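Dear colleague,

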Amino acid sequence: MRNAALVLGIIAGLIGMVVGFFSYEYTTAVENFGEVEGVFEQVANIQTVRLASVIAPLLAIVGGAMARSRALWGGIALLLSAGGMYYAFGFGVFTVFPIAFAATAGVLAIAAGKPDEPKAHF
């Protein structure tokens, strides 16, 4: 389960980075060139979208990388990433896979049974 969490977390982070690049650039383009009624309109929370564009994919990659050695911490980071992407970008055609992969990886990492090392999760 830890290996699946690692792979899904890294894939979620990479797809999330693509979504984040476009979201960040969209807010910048609308800010610089102005809105076009009914076509290009600025989002309500610009700073939330920009911050989540950087932090959420980073948390997914970090959580996936930590899933093998520190499953609990990695799982928490993955679930935070999925929640951040959902809050900032919503659930749509381009965000369904990074959100689903990060959430599934987070659940798998937390559900990973007995730790490999003889110490607790903390």
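This is a predicted model: local features need pLDDT of at least 70, side-chain atom pairs count only at pLDDT 80 or more; totals for chains, interfaces and linings use all residues.

Helix 1, which covers residues 2–33, has 32 residues and spans 46 Å from its first C-alpha to its last, close to the 46 Å expected at 1.5 Å a residue. Directly after helix 1 comes G34, whose phi is positive, near 90 degrees.

The partner to consider here is helix 3, residues 71–89, whose axis comes within 11 Å of that of helix 1, the two crossing at roughly 30 degrees. Because angles under 35 degrees count as roughly parallel, helix 1 and helix 3 are described as roughly parallel to each other, and their crossing is left-handed. On the side of helix 1, the residues in contact are R2, A5, G9, A12, G16, V19, G20 and S23, and they meet A71, L78, M85 and F89 of helix 3. Sorted by class, this contact comprises seven nonpolar, four polar and one charged residues.

Helix 3 also contains G75, for which the relative accessible area is 0%; since buried means under 20%, G75 is classed as buried. What does G75 touch, once residues up to four places away in sequence are not counted? The contacts of G75 are then with G106, A109 and I110, and the C-alpha atom of G75 is separated by 6.5 Å from that of V107, although G75 and V107 are 32 residues apart along the chain.

Technical notes: Residues are numbered from 1 along each chain as its sequence is written. Side-chain values use heavy atoms; hydrogens and water are left out. Axes are lines fitted to C-alpha atoms, for helices over the stretch in contact, and angles run from 0 to 180 degrees between N-to-C directions. Helices (H or I, at least four residues) and strands (E, at least two) are DSSP runs, numbered from the N terminus. Angles under 35 degrees count as roughly parallel, over 145 as roughly antiparallel, 65 to 115 as roughly perpendicular and the rest as oblique. A crossing is left-handed if the near helix is turned anticlockwise from the far one by less than a right angle, and right-handed if clockwise. Contact means heavy atoms within 4.5 Å. Ala, Val, Leu, Ile, Met, Phe, Trp, Tyr, Cys and Pro count as nonpolar, Asp, Glu, Lys and Arg as charged, and the others, Gly among them, as polar. Buried means under 20% relative accessible area, exposed over 50%, partly exposed in between (1.4 Å probe, protein chains only). The expected span of a helix is 1.5 Å times one less than its number of residues.
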